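Trainee: Please take a close look at the sheet in this model and the residues packed with it, and describe them in one go.

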Amino acid sequence: MCIRDGSAAAPSGPAGRGTAAPMRSGVTVTGGAASAAAKTAPGDFSAGDKVAHAKWGVGTVVAIKGSGNDTELQIAFPAPVGVKRLLAGFAPITKVTDGE
């Protein structure tokens, strides 16, 4: 590739075929570590609490076993999902407050 202004251009994509995705700046990360910081602590749940899960929607905590990171929550989600057993320390859930 020849550039007239004297600067060199790096090939894009595999073998320079122009298939690379464009670079974006100012992108906000909505998953991973950013989401983990916003999660509710394992001990903050009680039976009857409403929780939100990104994939399964809003459910209700029906039972709690254990403590700390080993806290297991049984959460009833709307049909067709049903009741799921999740570890509070690892599950991608947040407590839903009255204003949400």
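Mentor: Of the 100 residues in the chain, 17% are buried, meaning under 20% relative accessible area with a 1.4 Å probe and protein chains only. The model is predicted, so local features need pLDDT of at least 70 and side-chain atom pairs pLDDT 80 or more, while totals for chains, interfaces and linings use all residues. Residues are numbered from 1 along each chain as its sequence is written, and side-chain values use heavy atoms, leaving out hydrogens and water.

The chain has 1 helix and 5 strands, in the order α-β-β-β-β-β from the N terminus; these are DSSP runs, at least four residues (H or I) for a helix and at least two (E) for a strand. The 5 strands form an open antiparallel sheet ordered S4-S3-S2-S1-S5, where pairing requires at least two DSSP bridges between two strands. On average, neighbouring strands are turned by 40° against each other, direction ignored, with axes fitted to C-alpha atoms.

At one end of that order, S1 (residues 50-53) runs antiparallel to S5 and is joined to it by 3 bridges.

Note on methods
Axes fitted to C-alpha atoms, helices over the stretch in contact; angles between N-to-C directions. Buried < 20%, exposed > 50% of the residue type's maximum accessible area, 1.4 Å probe, protein only.
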